[in-house]
Amino acid sequence: MTNSPVPVNLDDKLSQFSDLWSQKRIADVNDYEVKLAKLKGEFVWHTHDDTDELFLVVSGRLTIQLRDGDVEIGPGELFVVPRGVEHCPVAEEETAILLLEPVGTLNTGDAGGPRSKAPEAL
């Protein structure tokens, strides 16, 4: 018997985890991963030299600090950080985001360090 296609419900997926700054892979699109994460506080300044990074806010508010000014995004808004642009995500309140990045993109980019984590399948 063939499985019927099932849509991915973001609220359902978000209810399945509570850890912060830990990316959860929810779908694959060609050579890209669609990931969810919950954020609160400040991440690390980093750069992705080889890829753009798409942030879409599902709930809460996200500030993406850039060296030449901050970008504020709220629910239903997205921002693409161009490749090679140093940035630092900050969430004053718990914020849920969706990310779209090529498979193998390290969350801390060139910064590395203890906050580097591979995405987990959800």
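Is Lys24 buried or exposed? Lys24 is buried, with a relative accessible area of 4%. The close-ups below come from a predicted model, and they visit some of the 7 salt bridges that the structure holds.

**Figure 1. Lys24 meets Glu120 in a salt bridge.** The two side chains come to 2.6 Å, N to O. This pair links distant parts of the chain: Lys24 sits in strand S1 (residues 24-29), Glu120 in strand S8 (residues 120-121), and they are 96 residues apart.

**Figure 2. Asp19 joins Lys24 and Glu120 in a network.** Here the view takes in three residues, Asp19, Lys24 and Glu120, which salt bridges link into a network.

**Figure 3. Arg25 and Asp28 form a salt bridge.** The closest N and O atoms of this pair are 3.6 Å apart. Asp28 counts as exposed because its relative accessible area is 51%, and the cut-off for that class is over 50%. Arg25, at 26% relative accessibility, is partly exposed.

**Figure 4. Lys35 pairs with Glu101 in a salt bridge.** Between these two residues, the closest N and O atoms lie 2.4 Å apart. If you are wondering about solvent, both Lys35 and Glu101 are buried.

Note on methods: Residues numbered from 1 in each chain as written. Predicted model: local features only at pLDDT ≥ 70, side-chain atom pairs only at ≥ 80, totals over all residues. Heavy atoms only, no water. Salt bridge = Lys/Arg side-chain N within 4 Å of Asp/Glu carboxyl O. Helix = DSSP H or I, 4+ residues; strand = E, 2+ residues; numbered from the N terminus. Buried < 20%, exposed > 50% of the residue type's maximum accessible area, 1.4 Å probe, protein only.
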